[in-house]
Amino acid sequence: MSTFKTLSLLAVLLIGSSAAAAAADAPKFGKPISEAEAAAWDISIGPDGVGLPAGSGTPAQGAMVFAAKCAVCHGAKGEGGAGPRLVGGQGTLAAPAIPVQTVGSYWPYATTVFDYVRRTMPWNQPKTLTNDEVYAVTAYILNINGIVKDGEAMNKDTLAKVRMPNRDGFSELYPNKF
């Protein structure tokens, strides 16, 4: 065998073994998932309410869920405790004193409240509330902030129509609407 062919064969063997070693050292990031598995995590809710699921809840229903699953951190009436305060603060954002940022004074969209509660609450068991419970807790939080009335049901049609007090308090960084 010629020296050139021997060197070529040796080069091919070295490159092949290097590639195999690199593949063996590559990080293992898991396995591809199915469309159904991806859909279970695709739960984002936009400010316009696109993506809100079926379900419904009233402030009275939400008060019961809140007492059982939220009050331990946020206080009996959302006044705060181990978790942040959820009620009050209206009018404090423009005041010279330290603003009180709550759902009622700061959050620009009611749909964001729903999205946040559904993803993260209760803190020790996130994503365990049913859609009805999330609508109910959202209705209760909006109610104790004076944003929705007693008996007003929140669902995928009504929640997106709620106008939050600080809706216009944020500058729009991007011209596209959600």
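Reader: Before we start, what should I know about the model and its numbering?
Author: The model is predicted, so local features need pLDDT of at least 70 and side-chain atom pairs count only at pLDDT 80 or more, while totals for chains, interfaces and linings use all residues. Residues are numbered from 1 along each chain as its sequence is written, and side-chain values use heavy atoms, with hydrogens and water left out.

Reader: OK, at what angle do α3 and α6 pack?
Author: Helix α3, residues 59–69, packs against helix α6, residues 131–144, at about 100°, and their axes are 7 Å apart. Helices here are DSSP runs of H or I with at least four residues, numbered from the N terminus. Axes are lines fitted to C-alpha atoms over the stretch in contact, with angles from 0 to 180 degrees between N-to-C directions.

Reader: Which residues meet there?
Author: On the α3 side they include Val65 and Phe66, and on the α6 side they include Ala136 and Tyr140, where contact means heavy atoms within 4.5 Å. The residues of this contact divide into nine nonpolar, three polar and two charged. Nonpolar covers Ala, Val, Leu, Ile, Met, Phe, Trp, Tyr, Cys and Pro, charged covers Asp, Glu, Lys and Arg, and the others, Gly among them, count as polar.

Reader: Switching topic, which residues lie nearest the centre of the second largest pocket?
Author: They are His74, Leu86, Val103, Trp107 and Tyr116, out of 16 residues that line the second largest pocket. A pocket is an open set of points on a 1 Å grid over the protein atoms alone, where a 1.4 Å probe fits, with protein on both sides within 12 Å along at least five of seven lines, and lining residues have an atom within 4 Å of a point.

Reader: And which helix gives the most to that lining?
Author: Helix α5 does, with three residues, and by class the lining has 12 nonpolar, three polar and one charged residues.

Terms used:
Helices (H or I, at least four residues) and strands (E, at least two) are DSSP runs, numbered from the N terminus.
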